[in-house]
Amino acid sequence: MNEELKKMHAHHHSPEHKKRVINRLARIIGHLNKVKDMVERDEDCADVLIQLSAVSAAIRSLGKVIISEHISHCIIHAAEDGDKKAIDDFKSAIDRFL
């Protein structure tokens with residue numbers, strides 16, 4: 001991909017979107033730290049698994065938000081510009097996420 005296309009498809013997300021993603025990540029990290037504390041305190045394994053399930057669901061949910069945002073902005077621009085590599089790279093990333 002030439003330098004001009006790279007510049008056109010730089011990731012520029014709105015400050016509001018970025019803030020929402022960062023806030024969700026902070027909550028996930030806080031929740032995961034609580035799970036770590038549960039393990040350190042030898043809490044019941046079933047309770048730990050339930051909390052890990054909640055963390056996993058929060059991560060999957062955040063991934064969906066990121067996918068949607070990327071499609072709405074970056075992939076639309078890539079398609080308009082004929083940037084097949086950006087589209088293929090994103091498909092690969094989704095496959096890994098799923």
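How many salt bridges does the structure hold? I get 4 salt bridges, counting a side-chain nitrogen of Lys or Arg within 4 Å of a carboxyl oxygen of Asp or Glu.

**Ground rules.** I am working on a predicted model, so local features need pLDDT of at least 70 and side-chain atom pairs count only at pLDDT 80 or more, while totals for chains, interfaces and linings use all residues. I number residues from 1 along each chain as its sequence is written, and side-chain values use heavy atoms, with hydrogens and water left out.

**Helix α2.** I started with α2, which covers residues 15-40. Helices here are DSSP runs (H or I, at least four residues), numbered from the N terminus. I counted 26 residues in α2 and 37 Å from the first C-alpha to the last, close to the 38 Å expected at 1.5 Å a residue. That expected span is 1.5 Å times one less than the number of residues.

Which residues of α2 are buried? My list is H17, V21, I28, V35 and M38. I use buried for under 20% relative accessible area, exposed for over 50%, and partly exposed in between (1.4 Å probe, protein chains only). These buried residues of α2 pack against α3, residues 45-80.

**H17.** I checked the histidine on its own. H17 sits in helix α2 and is buried because its relative accessibility is 8%. With neighbours within four places in sequence set aside, H17 is in contact with V65 and E69; contact means heavy atoms within 4.5 Å.

**V35.** Next I looked at V35, also placed in helix α2. Its relative accessible area is 5%, so V35 is buried. What does V35 touch, not counting residues up to four places away in sequence? I found V48, Q51, L52 and V55. V35 and V55 are 20 residues apart in sequence, and I get 9.0 Å between their C-alphas.

**The core.** I then asked which residues make up the largest nonpolar core. There are 7 residues in all: V21, I28, V35, M38, V48, V55 and L62. α2 and α3 are the elements that give two or more residues to this core, and α2 gives the most, with 4 residues. By my definition, such a core is a set of buried Ala, Val, Leu, Ile, Met, Phe, Trp, Tyr and Cys residues joined through side-chain atoms within 4.5 Å. As a general reminder to myself, nonpolar side chains tend to be buried together in soluble globular proteins.

**A nonpolar patch outside.** I also noted that L32, L49 and L52 form a nonpolar patch on the surface, with about 270 Å² of accessible area together. Areas come from the Shrake-Rupley method with a 1.4 Å probe, and for residues only the protein chains shown count as cover. Patch members have over 30% relative accessible area and no salt bridge, with like charges joined within 9 Å and nonpolar side chains (Val, Leu, Ile, Met, Phe, Trp, Tyr) within 5 Å. L32 belongs to helix α2 and is partly exposed because its relative accessible area is 40%.

I stopped at D42, which lies in the loop between α2 and α3. Is D42 buried or exposed? At 70% relative accessible area, D42 is exposed. Its phi is near 55°, a positive value in a residue other than glycine. I flagged it since most residues other than glycine have a negative phi.

**Back to the salt bridges.** I went through some of the pairs. E43 and R41 meet through their side chains at 2.4 Å, N to O. E43 is partly exposed because its relative accessibility is 29%.

Helix α4 spans residues 84-97. I found K84 bridged to D88, with the closest N and O atoms 3.0 Å apart. Why are K84 and D88 about one helical turn apart? They are 4 residues apart in α4, so about one helical turn separates them. K84 is exposed at 55% relative accessibility, whereas D88 is partly exposed at 30%.

K85 forms a salt bridge with D89, and I get 2.8 Å for the closest N and O atoms. K85 and D89 both lie in α4, 4 residues apart. I have K85 as partly exposed at 46% and D89 as partly exposed at 40%.
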